[in-house]
Amino acid sequence: ARGFSTAYSYSPSRPVMTTICDLPEDVLVELLSLLPAQDLIRACRLVCTQWRYVVDLTTLWKRKCQREGFYIQNLDRSVSDWKIFYLLCNLKRNLIKNPCAEENFQHWKLDNNDGDKWKIEDLPGTHGKDMLDPKVHKYFVTSYGPCFKSQLITLQKEGYWNQLMDEKRPEIVVKDWYAARFDCGCRYELTVRLLSEDYIVLEEFHPEPVVIEQWNDATWREISHTFQNYPAGVRYIWFQHGGQDTQFWAGWYGIRVTNSSITIGPLTL
């Protein structure tokens, strides 16, 4: 290896080697904002003091919101914690499983199944109407005896840790859709409870039952409620709906329900 030397000689024209820690803060924010939130919190914050400082910056979480479509200009003054805002936006989804009867009765507990029992039908159904949402194709329908079904949502399993629920109290939005047959009267009921670890009811939404008369318009209607400023300690959400027909006809002439949802997070999305 004639003429080859292992000695390193400095040259002003040679680029100086740098590490990622030497990058300017704004560049480091841009790079770290590409990483998943879980990696940022559980790994990157532990690398060094500088990284912990950058991961905790408002600008980093606002940048992640911009990247993923959660950022709206007029939110700047109303968002007090952009990290929590991002985490809630990222978690936000329908916590009700099988809301539109696509998986038969999977995930639902049939609390009351009287008369000719619960049944699943295709929209629009006999003497019924289609929904505005084209993604909904089926519904659950009740009979002449009381028919109620429920789901119990465990918040920690869905990613909502105890400290988040107790300190931030994110909005919990409940929605349900119901309709009657044109030719038969029926009754609809909804109950949603926020439960503690010991299943104590901390807050409840239980409006007056809706009674629909015979020869109605068969239109699908939405019922909605938002839980805000509820007590600390919420660990479960219990959702129950159902009803029956009011004319006691054999078959499935009772209330129809579908497209139920429970979402947790900013109301702005």
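The legends below describe close-up views of a predicted model.

**View 1. The largest pocket and its centre.** The largest pocket of this predicted model holds about 460 Å³ of space. Its lining is made up of 15 residues, and those closest to the centre are I41, L87, L91, G159 and W161. Sorted by class, the lining comprises seven nonpolar residues, four polar residues and four charged residues.

**View 2. Helices that line the largest pocket.** Three helices each contribute at least two residues to the lining: α2 (37-42), α5 (82-91) and α6 (162-167). The largest contribution comes from α5, which supplies five residues.

**View 3. Position of the largest pocket relative to the domains.** Lining residues come both from domain 1 (20-91) and from domain 2 (109-264), so the largest pocket lies between the two domains.

**View 4. The five-stranded sheet.** Five strands form an open sheet in the order β2-β3-β11-β5-β9, and their pairing is antiparallel. At the edges are β2 (119-122) and β9 (221-227), each of which pairs on one side only. From one strand to the next, the twist averages 35 degrees.

**View 5. The pairing of β5 with β11.** Strand β5 (residues 172-179) and strand β11 (residues 256-264) run antiparallel and are joined by seven bridges. Across this pair, A179 stands opposite R256, a residue of β11.

View 6. The UniProt record, an unreviewed entry, gives the feature "domain: FBA" at residues 85-266. In the model, the chain over residues 85-266 is 7% helix and 40% strand.

View 7. The peptide bond between L123 and P124 is cis, with omega about 0 degrees. P124 belongs to the loop that runs between β2 and β3 (138-141).

**View 8. Backbone of N98.** N98 is not a glycine, yet its phi is positive, at about 55 degrees. N98 sits in the loop between α5 and β1 (109-113). Helix α5 is also the element that gives the most residues to the lining of the largest pocket.

Note on methods: Residues are numbered from 1 along each chain as its sequence is written. This is a predicted model: local features need pLDDT of at least 70, side-chain atom pairs count only at pLDDT 80 or more; totals for chains, interfaces and linings use all residues. Side-chain values use heavy atoms; hydrogens and water are left out. On a 1 Å grid over the protein atoms alone, a cavity is a set of points where a 1.4 Å probe fits but cannot get out, and a pocket is an open set with protein on both sides within 12 Å along at least five of seven lines; lining residues have an atom within 4 Å of a point. Grid points are joined across faces, edges and corners, and a volume is the space filled by probe spheres set on the points. Helices (H or I, at least four residues) and strands (E, at least two) are DSSP runs, numbered from the N terminus. Ala, Val, Leu, Ile, Met, Phe, Trp, Tyr, Cys and Pro count as nonpolar, Asp, Glu, Lys and Arg as charged, and the others, Gly among them, as polar. Domain bounds come from an automatic or database domain assignment. Two strands pair if DSSP finds at least two bridges between them. Axes are lines fitted to C-alpha atoms, for helices over the stretch in contact, and angles run from 0 to 180 degrees between N-to-C directions. UniProt positions are given in the numbering used here, feature names are shortened, and annotations may be inferred rather than shown by experiment.
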